[in-house]
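User: I am new to this structure and would like a close look at a single part of it. Please begin with the whole chain and then go to that part.

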Amino acid sequence: MTLIHPGELLPLVPVSTDTPAEQAATLRGIGPVSGSVHSWDLSTGVDGPGTRFVVFVAGCPLACLYCHNPDTMRMRNGTRTTVDTVVAEVNKYVPFIRAASGGFTISGGEPLLQPDFTGEILRIVHEELGLHTALDTSGFLGARASDALLADVDLVLLDIKSWDRELYLRLTGRQLEPTLAFAHRLAALRKEVWVRFVLVPGLTDAPENVEGVAAFAGSLGNVSRVDVLPFHKLGAAKWEELGKEFTLADTPVPTSAQVDRARSAFTAHGLNAV
């Protein structure tokens with residue numbers, strides 16, 4: 001059941017007319033905590049267990065070639081929104097979410113680009129509303145997640161895009177090591193993780209690359225599920241609207257056989273791959 005499409009920019013609150021000084025004061029914690037929000041959505045099965053209220057924040061330090069929501073890459077493409085506004089919206093659906101054995105997920109963009117905003121939402125939703133919480137992240141900014149923030153996270157959806165370092169840099173414009181360090185930290189905390197891996201023919205589907213991610217995930221001890229996500233081109237029109245080239249326009253989507261082979265690599269390491 002989807003109420004709002006994730007790619008749709010919503011007028012969540014009026015555009016701020018605060019002066020730069022007032023905006024800076026808010027960021028320092030003077031006044032209500034706020035952040036840049038792209039949209040929110042109610043989804044089932046793809047953002048954690050059960051039916052979930054998902055907040056998509058704006059802004060991301062990565063520039064993934066296959067990003068299906070490139071309009072979330074910049075914080076300026078979002079709407080400044082207070083924590084109270086987000087929580088009030090979530091609260092409307094709490095009875096339904098509980099009945100559907102679901103919870104709350106904060107996604108993006110990259111939630112850890114706005115750690116204070118993200119952490120405060122997670123704290124209230126987890127401690128006061130009593131919902132299961134999930135953090136959807138690339139892990140690149142994992143060092144920004146305090147232990148207090150992670151204490152209010154029941155599940156981390158960790159996107160490991162490639163094992164090959166050069167390919168990771170080409171795909172994202174960033175280094176892989178911060179993600180691996182964050183994964184190790186989550187393992188030490190015994191925090192449940194679902195690994196996400198996007199299968200892109202001709203890029204991430206090389207057997208040695210898939211095996212590298214699978215072996216790493218299998219070694220952690222806290223990965224309860226792996227989502228092998230087939231590459232798709234549903235965001236191509238958004239790239240065009242933004243005046244940017246979608247460089248993977250000619251890349252084919254993976255076949256069911258290719259997806260099955262990738263899943264088999266993960267299951268060979270004792271992981272539940274779907």
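This is a predicted model: local features need pLDDT of at least 70, side-chain atom pairs count only at pLDDT 80 or more; totals for chains, interfaces and linings use all residues.

Analyst: Residues are numbered from 1 along each chain as its sequence is written, and side-chain values use heavy atoms, with hydrogens and water left out.

The chain exposes about 12300 Å², and carbon and sulfur atoms supply 55% of that area (Shrake-Rupley method, 1.4 Å probe). Of its 274 residues, 52% count as buried, meaning under 20% relative accessible area with a 1.4 Å probe, protein chains only. The chain has 10 helices and 8 strands (DSSP runs: H or I of at least four residues for helices, E of at least two for strands, numbered from the N terminus).

Asp 227 counts as buried because its relative accessibility is 6%. Its side chain makes a polar contact with the side chain of Arg 225 at 2.8 Å (a pair of N or O atoms within 3.5 Å, one able to donate a hydrogen and the other to accept it; residues adjacent in sequence count only if both atoms are side-chain atoms).

Beyond its neighbours within four places in sequence, Asp 227 is in contact with residues including Trp 194, Val 195 and Val 274 (heavy atoms within 4.5 Å). Of these, Val 195 lies in strand β7, residues 192–199. Val 195 is buried, because its relative accessible area is 0%. Leaving out residues up to four places away in sequence, Val 195 touches Asp 227 and Arg 225, and also Leu 158 and Ile 160, among others.

Notes. Buried means under 20% relative accessible area, exposed over 50%, partly exposed in between (1.4 Å probe, protein chains only).
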